Amino acid sequence: MTSPVSPLPLPLSFEFYPPKTDDQRVQFDRTVRKLKGHAPQFMSVTFGAGGSTLSHTPETVQRLRSDHGVAGVPHLTCVGGSREEIRSLLKLYRALGCDRIVALRGDLPSGMARSGDLRHASELVKLIRDEHGDHFKIEVAANPETHPQADDAHADLRHFKTKVDAGANSAITQYFYNPDAYFRFVEDARKLGVEIPIVPGIMPIANFSQLRRFSDACGAEIPRWISQRMRALGDDSEGIREFASDIVANLCRRLIDGGAPALHFYTLNMAKPTLAVLERLD
Ligand code: FAD
């Protein structure tokens, strides 16, 4: 799988959700074609915890690998799934040629009662390592602003270390807009003896009210000054786009200057918001 060379001094990766309809597939293909030019190290595909994207995620990973010639990487969640379901997905991903996986606990859709055989992402990492040795490079999630269900930041950091000790090779963070939260998290993790790369997750801002909803759910903080500027811009959609791209590009610059090992973009299957940030960085 060959790709053009990225003009940025560090590796990039892009995250997608699996398209389910023909229209979504058209948009997905268009977005992948546009972002491929930035030579990502991989493009990952989310997985609906509890099996809501059971076939769509593998299909999309295969689409990335065979139709687009890029390293498609599956996300795999354990909550709501049985060990056997997880084992058969791992087998399928090996058969598709995958050697990297994003291993997560996931969040069950509200109302779904089935909790599954594994409770924490660390158990999933252990299962993958026990049964597949070093075949997969395992990425796990990290939360610089603390996972919303954690008792406190220290407990969350200890649980993060458990995933690393279970065999994770690298971590991708939940998105954030305060770079100090990332730098402090990395420093605290290093003090605990965590040595793996911790890659910042970057969420370009396309739709501010949607972002506020996501942020309430995942515990990411939107700084007050950003909300206030957004409110002041009102219906000025061009102004909002410019401001949003500038603040995310500035965040990326701070992260690059501060030694981030790579950048992982949450694309939400749209090319424009991510490209607007990358153009500013180039
Ligand atoms: P864990 O590491 O298991 O942690 C979850 C919570 O449990 C934390 O509060 C932690 O402190 C606590 N915990 C962990 N271990 C223990 C323990 N032994 N005892 C007590 N408490 C413990 N979700 C999806 O559904 N599909 C996706 O494809 C997806 N992709 C993602 C990609 C990235 C890069 C990131 C950052 C998140 C993604 N998520 C996805 C969201 C993720 O599933 C949620 O944040 C979820 O709530 C936690 O997942 P985790 O892997 O961090 O879980």
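**Terms.** I take helices and strands as DSSP runs, numbered from the N terminus; a helix needs at least four residues in H or I, a strand at least two in E. With that naming, I place Asn-269 in the loop between β8 (263–266) and α10. I note that this is a predicted model.

**Entry 1: the ligand shell.** Which residues are closest to the ligand? I found 23 residues around the ligand, with Phe-47, Asp-107, His-147, Asp-156 and Lys-163 as the closest. I then sorted the shell by class. It has eight nonpolar, 10 polar and five charged residues.

- Asp-107 puts a polar side-chain atom 2.6 Å from a ligand oxygen.
- His-147 has a side-chain N or O atom 2.7 Å from an oxygen of the ligand.
- Ala-121 uses its backbone: an N or O atom there lies 2.9 Å from a ligand oxygen.

On its own, the ligand has 980 Å² of accessible area, and the protein covers 83% of that. I also asked which elements give two or more residues to the shell. They are β3 (72–77), α5 (153–165) and β6 (170–175).

**Entry 2: the second largest pocket.** I moved on to the second largest pocket, which holds about 350 Å³ of space. I counted 17 residues in its lining. Nearest the centre of this pocket lie Ile-205, Ala-206, Ser-237, Ile-240 and Arg-241. Which element supplies the largest share of the lining? It is α9, with seven residues. Both α9 (237–257) and α10 (272–281) supply at least two residues each. By class, I get nine nonpolar, three polar and five charged residues in this lining.

Entry 3: I found Thr-31 in helix α1 (residues 22–36). Is Thr-31 buried or exposed? Its relative accessible area is 4%, so I log Thr-31 as buried. The Thr-31 side chain reaches the backbone oxygen of Asn-269 at 2.9 Å. Asn-269 is not a glycine, yet its phi is positive, about 65°. Asn-269 is also buried, because its relative accessibility is 2% and the cut-off for buried is under 20%.

**Entry 4: Ala-39.** I looked up another residue with a positive phi. Ala-39 has a phi of about 50°, although it is not a glycine. I place Ala-39 in the loop between α1 and β2 (42–45). Why do I log Ala-39 as buried? Its relative accessible area is 16%, and buried means under 20%.

**Entry 5: Asp-130.** I finished with a residue in helix α4 (residues 121–132), namely Asp-130. Is Asp-130 buried or exposed? Its relative accessible area is 53%, so I log Asp-130 as exposed; the cut-off for that class is over 50%. I then took a C-alpha distance from Asp-130 to Thr-146. The two residues are 16 apart along the chain, and their C-alpha atoms are separated by 28 Å.

Key. Residues numbered from 1 in each chain as written. Predicted model: local features only at pLDDT ≥ 70, side-chain atom pairs only at ≥ 80, totals over all residues. Heavy atoms only, no water. 1 Å grid on protein atoms, 1.4 Å probe; cavity = no way out; pocket = protein on both sides within 12 Å on 5 of 7 lines; lining within 4 Å. Points joined across faces, edges and corners; volume = space filled by probe spheres on them. Nonpolar A, V, L, I, M, F, W, Y, C, P; charged D, E, K, R; others polar. Near = heavy atom within 4 Å. Polar contact = N/O pair within 3.5 Å; in protein donor to acceptor, adjacent residues only side chain to side chain. Areas by Shrake-Rupley, 256 points an atom, 1.4 Å probe, with all protein chains shown as cover. Buried < 20%, exposed > 50% of the residue type's maximum accessible area, 1.4 Å probe, protein only.
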